[in-house]
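User: Please give me a close look at a single part of this model, and describe how that part is built, how it ends and what surrounds it.

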Amino acid sequence: MSLFKHKTKQELLREQKFTKFQEMEKDFDDVTLLQNVRASWLTARGGELADKKEFELARRDFEEAASMSPNSLLIKTSLLMFYRLTKEPDRALAVIKETTK
């Protein structure tokens, strides 16, 4: 029996995000810029997870990024491409409609 609890991938990703966001707070004192940098980082990590076919984990990052930076066309495009990759046309269409309002 192991004395150490093995962390799940989700727990490791949560810790990674927390650490990275703390580092970003030291570099950016503008709140809006900080949110955009965090959202961009989540989008990049979402792309890495999607490349590894870890779609549910990637979805969380893409959707969180889109909620953090709702006016970012780059992030919306990444979310749209993710939905296309995962064959979710209804969600992709919703992103398009929301973006073109």
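This is a predicted model: local features need pLDDT of at least 70, side-chain atom pairs count only at pLDDT 80 or more; totals for chains, interfaces and linings use all residues.

Analyst: Residues are numbered from 1 along each chain as its sequence is written, and side-chain values use heavy atoms, with hydrogens and water left out.

The chain has 5 helices and 0 strands (DSSP runs numbered from the N terminus, helices being H or I of at least four residues and strands E of at least two). Helix α2 covers residues 31-51 and reaches 30 Å from its first C-alpha to its last, close to the 30 Å expected for its 21 residues (1.5 Å times one less than the number of residues). Just after α2, Lys53 takes a positive phi of about 65°.

The buried residues of α2 include Leu34, Arg38, Trp41, Leu42 and Leu49 (under 20% relative accessible area with a 1.4 Å probe, protein chains only; exposed is over 50%, partly exposed in between). Their cover includes α1 (9-27), α3 (55-68) and α4 (73-85). From α1 comes Phe21, which counts as buried because its relative accessibility is 10%. Leaving aside residues up to four places away in sequence, Phe21 touches Arg38, Trp41, Leu42 and Met68 (contact means heavy atoms within 4.5 Å). The C-alpha atoms of Phe21 and Leu34 are separated by 8.8 Å, although these residues stand 13 apart along the chain.

Against α4, the axis of α2 comes within 10 Å and crosses at roughly 20° (axes are lines fitted to C-alpha atoms, for helices over the stretch in contact, with angles from 0 to 180 degrees between N-to-C directions). The two helices α2 and α4 are therefore roughly parallel to each other (under 35 degrees; over 145 is roughly antiparallel, 65 to 115 roughly perpendicular and the rest oblique). Where α2 and α4 meet, Ala39, Ser40, Thr43 and Ala50 of α2 face Ile75, Ser78, Phe82 and Leu85 of α4.
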